[in-house]
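Student: I'd like to learn how to read a protein model, one feature at a time. Could we go through one together?

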Amino acid sequence: MTEPMILRVRVAAPAKEVWHALTDPAALRTWLAEHAEVDLPGRFEFWGRFTPDGEAPHQRVLHVGEHTLRLEWTLGGVATTSEISLEEEGPESTIVSLEQSHFDFQDVITGASVRGNLQTFWCLSLANLTDHVEGRPLTPKVDYTSATMREEVLIDAPMAEVYDSLVDSEKATRWFGYKIEIEPRVGGRWAMGGFENPDPAKVIDLDEGRAMTVDWGPVGLTSWELAESEGKTKLTFVQSGFDEARPPHAGWAGWLSGLAELRRFHELPDWKPIWVEAS
């Protein structure tokens, strides 16, 4: 049995507002899932194309507290446990903690189980919960029924600043939340975890100030392109070159959750990462 996966985010809102977003079906259909139905304490279900294994609802309520919700969520024939709890830091600040059982990172690498999607599904969902409660535009969700991986996000910042944050190692590390080192030139390395990574990706195309394509080998290519849009920057992000019979949805959700933080990095004058280190 693996250790539970724990994620924590800080939301700039009272716990009452966050709890409403967590338990109101209309809100859930905005930030979490295509379909959601809630009638606590007996029912909490979400499903649809934005949910792994989402052809039907697979959740069962195990416990409901004042600010705690624990679910059994059956994925790939295995009953996992998802628990969300809130801790009010102050009048306008709430820590949301997510604890998820039955996540094994090897499932991300091998694709052997749909449970490999759990970590990045929750990362993107918590990022969208935060923006939903704080009244900000949401980041596109992953369509787990599709092999098309192309999305656009609008960033309220000059194009030159967005470009710099995508090619500068220190800035990319800050907003992505994980060490990244980049050599922004054709043939340069793009290394998740830093250049000590023995198998970095390679920059295969660079249009300085506007676009980059990175080759990840068997995983495929990631490409981004920037364009001016009425004083803002439109970022088009694409993942391609993968085996379409086994789309890398887990990685795609990870990229999208990163773009959610990239937007906050540029748009919030007092930006701090939403992610809080798990105790």
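Tutor: Let's begin with one tryptophan. Not counting residues up to four places away in sequence, W252 touches V142, M149, R150, E151, F237, V238 and Q239. A contact here means heavy atoms within 4.5 Å.

Student: Before we go on, what kind of model is this, and how are the residues numbered?

Tutor: This is a predicted model, in which local features need pLDDT of at least 70 and side-chain atom pairs count only at pLDDT 80 or more, while totals for chains, interfaces and linings use all residues. Residues are numbered from 1 along each chain as its sequence is written, and side-chain values use heavy atoms, with hydrogens and water left out.

Student: Thanks. Which helix holds W252, and is W252 buried or exposed?

Tutor: Helices (H or I, at least four residues) and strands (E, at least two) are DSSP runs, numbered from the N terminus. W252 belongs to helix α7, residues 249–267. For burial, we use relative accessible area: buried means under 20%, exposed over 50%, and partly exposed in between, with a 1.4 Å probe and protein chains only. W252 has 2% relative accessibility, so it counts as buried.

Student: Let's step back to the whole protein. How many helices and strands are there?

Tutor: There are seven helices and 14 strands. The radius of gyration, taken over C-alpha atoms, can be set against the globule rule, which is 2.2 Å times the number of residues to the power 0.38. Here the radius of gyration is 19 Å, close to the 19 Å that the rule gives for 279 residues, so the protein is as compact as a globular protein of that length. Along its principal axes, the C-alpha trace spans about 55 × 40 × 35 Å.

Student: What share of the residues is buried, and what does the surface come to?

Tutor: Buried residues make up 49% of the 279. Accessible areas come from the Shrake-Rupley method with a 1.4 Å probe, and for residues only the protein chains shown count as cover. The accessible surface is about 13200 Å², with 49% of that belonging to carbon and sulfur atoms. As for contacts, among those between residues at least 6 apart in sequence, 50% join residues at least 24 apart.

Student: What about backbone angles in the loops? Where is the cis peptide bond?

Tutor: The peptide bond from L40 to P41 is cis, with omega near 10°. P41 sits in the loop between β2 (35–39) and β3 (43–47). Phi is another angle to check: H102 has a positive value near 60° in a residue other than glycine. H102 lies in the loop between β7 (93–100) and α3 (105–110), and at 23% relative accessibility it counts as partly exposed. E230 also has a positive phi, near 50°. E230 is in the loop between β13 (221–229) and β14 (232–240), and at 83% it counts as exposed.
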